[in-house]
Amino acid sequence: MKKTIAFIGILIGLSQSMFAQDVSESKFSHSILFMAGGRYDNFRRCAATPAGTKGGPIADVMFITKYKLNSNHTLAFNLPVFRPILFGLAFKMLQFEPEFIYEYSNVVNEKLDFITGPGLGVSFHYGPDYQSKLRNLKNSFFAIGPFFSWQAGFAFKKEGKVRSSANIKGFYVPLFAKDRSTGTVLGGALLYTLYF
């Protein structure tokens, strides 16, 4: 658990250093992403569903840092904020899924771009399984796994700059834990992003 917290601290530090870049650098952009959706999850306890339910709704707020490679290709780092803080403070659980996104964009018209691309991240879990009561922390365990995703949608421009975007995202996560069979997470979400 201490190693996980240290890793999260490193990611936050890297994100802050990226945010510290001179805003005049046109290759960097920053935004806030709002996510809501649902998932099948035969491993982790969902805070919004009864014990024994495999999955449930998901929601998060993320800080996004993007680096523009060229006019059509961008790399992004998604740093989840809302869900890790909520789960940690309210339930003494960890669900943290930072992710890198490769994004391809194509101009539709002067106000709209089509955007799509894959994502790769890592999923950290500490808490009870889906069969446990929410606050039964005696059954808590640590799990980790790769986070695979794909998203597609549209970016909305004003005066030649992207101001917001709306995407649909699908994801798959195999989770691994000591003395447990591999968990499976499958889900989808709607994303809305506001750029600074």
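Alanine 166 stands opposite tyrosine 192 in E9. In this predicted model, alanine 166 is also the bridge partner, in E8, of phenylalanine 154.

**Strand pairing around E8**

- Strand E7 covers residues 141-158 and is joined to E8 by 11 bridges, the two strands running antiparallel.
- A hairpin is formed by E7 and E8, with 2 residues between them.
- Glutamate 159, in the turn of that hairpin, has a positive phi of about 55°.
- E8 is also joined to strand E9 (residues 183-195) by 12 bridges, and this pair likewise runs antiparallel.
- In a regular strand, side chains alternate between the two faces of the sheet.

- Tyrosine 172 lies in strand E8, which spans residues 161-175.
- Tyrosine 172 is classed as partly exposed because its relative accessible area is 35%, a value between the limits of 20% and 50%.
- Tyr172 contributes to a nonpolar surface patch of about 460 Å², together with Tyr40, Leu120, Phe148 and Leu186.

**The loop at threonine 49**

- Threonine 49 is placed in the loop between strand E1 (28-41) and strand E2 (56-68).
- Threonine 49 counts as buried because its relative accessible area is 14%, and the cut-off for burial is under 20%.
- The side chain of threonine 49 reaches the backbone oxygen of glycine 55 at 3.2 Å.
- Leaving aside residues up to four places away in sequence, threonine 49 touches Gly55, Gly56 and Pro57.

**Overall fold and surface**

- The protein contains 2 helices and 9 strands.
- Read from the N terminus, the order of elements is α-β-β-β-α-β-β-β-β-β-β.
- Of the 196 residues in the protein, 43% are buried.
- Among contacts between residues at least 6 apart in sequence, 59% join residues at least 24 apart.
- The accessible surface of the protein is about 10400 Å², and carbon and sulfur atoms account for 65% of that surface.

Terms used:
Residues numbered from 1 in each chain as written. Predicted model: local features only at pLDDT ≥ 70, side-chain atom pairs only at ≥ 80, totals over all residues. Heavy atoms only, no water. Helix = DSSP H or I, 4+ residues; strand = E, 2+ residues; numbered from the N terminus. Buried < 20%, exposed > 50% of the residue type's maximum accessible area, 1.4 Å probe, protein only. Polar contact = N/O pair within 3.5 Å; in protein donor to acceptor, adjacent residues only side chain to side chain. Contact = heavy atoms within 4.5 Å. Areas by Shrake-Rupley, 256 points an atom, 1.4 Å probe, with all protein chains shown as cover. Patch = residues over 30% accessible without salt bridge, like charges linked within 9 Å, V, L, I, M, F, W, Y side chains within 5 Å. Salt bridge = Lys/Arg side-chain N within 4 Å of Asp/Glu carboxyl O. Pairing = 2+ DSSP bridges.
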